[in-house]
Amino acid sequence: MKETRRKFFKSGIIAGTGLLIGNSTSASCIITPAQTEGPFYPIDDQLDTDTDLVFKKGASKRARGKVVYIKGRILDQDCKPVPNALVEIWQACESGKYNHPNDPNPASLDPNFQYWGKTITNKKGQYLFRTIIPGAYPATSTWKRPPHIHFKISIRGYEELVTQMYFKGESLNQNDKILQSLSDLEKRNVIVNFKKIKKRLTGKFDITINKIF
Ligand SMILES: [Fe+2]
């Protein structure tokens, strides 16, 4: 287990490409659409808050679920990387349950899952998390939320951004009221295509935040 963790933390982050508009001398990036924070932003502290949500400090085994790697860059509207940005993620476990006292979902919690994590972007504005694909969960009796991961990006001098990342190909995406409230272009910016890269199911999620002038 320790070896796996070491390999993960030593692994590099491949730079992604932001959504560019215009020519090379006047590139601009579209601000990633904000999505509701939802009611389950973590309120309880955790012993382990690192970027590997699959292994929780002190747990004897890894979390249940399909492991995915999410990597990307935080950019500003001029497509310039933003170093030192705080990137927080939180999500449900494989059963679709949040570790939050207000979650009414009767599904069981995974005691080995680290329900949230945080990191600071490096000099190139890059971040990397390892987690599992969260379960879908009922928002109402007629609406099931598709698997998604909540993101919050904050750094002084920029507008804070709260959004959600979705998995391409999930059938529940079609009927999700929150995702479908976005334009087609905005949807493309938050739905991520996961592919096997060196045996790792990896998704690239570049996020553009608004620099305040
Ligand atoms: Fe959620």
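The legends below accompany close-up views of a predicted model.

**View 1. Overall composition and confidence of the predicted model.** The protein has 213 residues, of which 35% are buried, and its secondary structure comes to 2 helices and 14 strands. Among contacts between residues at least 6 apart in sequence, 74% join residues that are at least 24 apart. The mean pLDDT of the protein is 91, with 88% of the residues reaching 70 or more.

**View 2. The largest nonpolar core and the surroundings of Phe151.** This core holds 40 residues, and the members that touch the most others are Ile74, Phe151, Ile153 and Ile207. At least two core residues are supplied by each of the strands E3 (67-75), E4 (86-90), E6 (126-132), E9 (148-154), E10 (161-167) and E11 (191-192), with E3 giving the largest share, 5 residues. When neighbours within four places in sequence are left aside, Phe151 is in contact with Val87, Ile89, Thr163, Gln164, Met165 and Ile207.

**View 3. The open sheet that runs from E5 to E11.** Five strands form this open sheet with mixed pairing, in the order E5-E4-E9-E10-E11. Strand E5 (116-120) and strand E11 stand at the edges, and because each has a single partner strand, one side of each is left without a neighbour in the sheet.

**View 4. Strand E13 between two partners, E3 and E12.** Strand E13 (residues 200-204) runs parallel to E3, to which 3 bridges join it, and Thr202 in E13 is the bridge partner of Tyr69. Strand E12 (residues 195-197) is also joined to E13 by 3 bridges, but here the two strands run antiparallel, and the bridge partner of Lys196 in E13 is Leu201. E12 and E13 form a hairpin with 2 residues between them, and Lys198 in the turn has a positive phi of about 50 degrees. Lys199 lies in the loop between E12 and E13 as well, and its phi is near 70 degrees, a positive value in a residue other than glycine. Lys199 counts as exposed because it has 6 C-beta neighbours inside 10 Å, where the cut-off for an exposed residue is 12 or fewer.

View 5. Leu75 is placed in strand E3 and counts as buried because it has 28 C-beta neighbours inside 10 Å. Leu75 and Ile209 are 134 residues apart in sequence, yet their C-alpha atoms are 6.2 Å apart in space. Asp78 belongs to the loop between E3 and E4 and is exposed, with 11 other C-beta atoms within 10 Å. The C-alpha atoms of Asp78 and Ile209 are 9.8 Å apart, for a separation of 131 residues in sequence. Leaving aside neighbours within four places in sequence, Asp78 is in contact with Ala27 and Ser28. Asn84 is also in the loop between E3 and E4, and with 12 C-beta neighbours inside 10 Å this residue counts as exposed. Although Asn84 is not a glycine, its phi is positive, at about 65 degrees.

Technical notes
Residues numbered from 1 in each chain as written. Predicted model: local features only at pLDDT ≥ 70, side-chain atom pairs only at ≥ 80, totals over all residues. Core = buried A, V, L, I, M, F, W, Y, C linked by C-beta atoms within 7 Å. Buried ≥ 20, exposed ≤ 12 C-beta atoms within 10 Å, placed from the backbone. Helix = DSSP H or I, 4+ residues; strand = E, 2+ residues; numbered from the N terminus. Contact = placed C-beta atoms within 7 Å. pLDDT = per-residue confidence, 0-100. Pairing = 2+ DSSP bridges.
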